[in-house]
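Trainee: Please take me through this structure one term at a time, and check each label against its definition.

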Amino acid sequence: MKNISFALLFVLVLAGCKNKEPKTYAPSFTTVTIDTLLTDDISIRALIVDGDKAWYAGSQGKFGWVSLSGGKKFNGVIAKDSLLPEFRSIAQTETDVFILNAGTPALLHKISKDGKRNKEVYTETGDKVFYDCMHFYDNKKGIVMGDPVDGYAQIIKTNDGGETWTKTGTELLPRFNEGEAGFAASNSNMAVKNGNTWIASGGKSSRIFYLGNNAKNWQVYKTPIAQGTEMSGIFSIDFYDENIGFAVGGDYEKPTKNSGNKIVTTDGGKTWKLVGENIGFGYASCVKFMPGSGGDELVTAGPTGIYYSYDQGITWKQIADAKIFHTVQFVNNKTIVAAGQNKIVKISLK
């Protein structure tokens, strides 16, 4: 009886294997149109989308928004004494936008979306102060990640919609290796999804630090991306859901090298594998999943152009030859906003 049952099970498994077909991939668009939304003397690495508005923050203390439908725009400048901060982090709640500069003093500003209120809600000084990225989990809880001090990544959090921010104690911080830090390249060396947090590091080591929803202790996972030098490793990470994630980077000092610069995970960041070796772009500063794509479609930005993949990073096609863009954001699965050196554009996919 046992032999008969085992034989039947073996037949069923074989049948299941035969019926399972390889996944087929296909691009979701065939044409690309690019329209300029803003030109200004500014370097932009912080970009978010809020309805018809693309909010940005950048160099020379400049920030504002542009309308995706054209025409309207809003801009401002923040100065601290004689300092014009370089803003590289941006996040939002339902009512406010938050921008944070890189370097010291750290200046975190809360700006109402109607533009009527602008308040400094956190500041910090110190030779090693350098914040890289900021996100909100919901309308109350937010997190900021910064480069390590005395071996520990710096993290500040809010639980009241960004009105007050508190620095996390050392006992709850992820510990970085010597020569390991974050990159403030596009406000995306950290990702949050459904209460989960992933931080990507670079430099002498390039790893993933993961904090599960409601967990207290960080888990650390190795990656196979290029690393070992000061300007190598992961520069940007994105998660489609709690399992599928993608990270890009490479070697900033070798911008055309297109190997060792793209990695994918399907188990929430525990394990990663290299994909797209010797294909497509070189060093990249930002990666984003296309919404509604099932985790298959991705867009990246960097000095070799804006690239698109429809097969989870295996193959890549350049959709914009411009070398000036640092960051991209999806409005929906047919519209992308890109920002970088002196410009913001809208990319329409059809």
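Mentor: Start with strands: helices (H or I, at least four residues) and strands (E, at least two) are DSSP runs, numbered from the N terminus. The model is predicted, so local features need pLDDT of at least 70 and side-chain atom pairs pLDDT 80 or more, while totals for chains, interfaces and linings use all residues. Residues are numbered from 1 along each chain as its sequence is written, and side-chain values use heavy atoms, without hydrogens and water.

Trainee: Which strand gives the largest share of the lining of the largest pocket?

Mentor: That is β14, with four residues. A pocket is, on a 1 Å grid over the protein atoms alone, an open set of points where a 1.4 Å probe fits, with protein on both sides within 12 Å along at least five of seven lines; lining residues have an atom within 4 Å of a point. The lining here has 32 residues, and among those nearest the centre are His-135, Val-192 and Lys-288. The space amounts to about 760 Å³, a volume filled by probe spheres set on the points, which are joined across faces, edges and corners.

Trainee: How do the residues of the lining divide into nonpolar, polar and charged?

Mentor: They divide into 18 nonpolar, nine polar and five charged. Ala, Val, Leu, Ile, Met, Phe, Trp, Tyr, Cys and Pro count as nonpolar, Asp, Glu, Lys and Arg as charged, and the others, Gly among them, as polar.

Trainee: What makes β14 and β18 stand at the edges of their sheet?

Mentor: Two strands pair if DSSP finds at least two bridges between them. The open sheet has the order β14-β15-β17-β18, with antiparallel pairing. β14 and β18 each have a single partner strand, so one side of each is left without a neighbour in the sheet. Four bridges join β14 to β15, and Val-192 stands opposite Thr-197 in β15.

Trainee: Does Lys-113 count as buried or exposed?

Mentor: Buried means under 20% relative accessible area, exposed over 50%, partly exposed in between (1.4 Å probe, protein chains only). Lys-113 has 13%, so the label is buried. Asp-50, at 25%, is partly exposed.

Trainee: How do you know that Lys-167 forms a salt bridge with Glu-124?

Mentor: Their closest N and O atoms are 2.4 Å apart. Lys-167 lies in strand β12 and Glu-124 in strand β8, so parts 43 residues apart in sequence are tied together. Lys-167 is partly exposed at 34%, whereas Glu-124 is buried at 15%.

Trainee: What makes the phi of Asp-150 worth a note?

Mentor: Most residues other than glycine have a negative phi. Asp-150 has a positive value near 55°, in the loop between β10 and β11. At 61% relative accessibility, Asp-150 counts as exposed. Asn-214 also has a positive phi, about 70°, and is exposed at 72%.

Trainee: Where is the cis peptide bond?

Mentor: The cis bond joins Thr-104 and Pro-105, with omega about -5°. Pro-105 sits in the loop between β6 and β7.

Key. A salt bridge is a side-chain nitrogen of Lys or Arg within 4 Å of a carboxyl oxygen of Asp or Glu.
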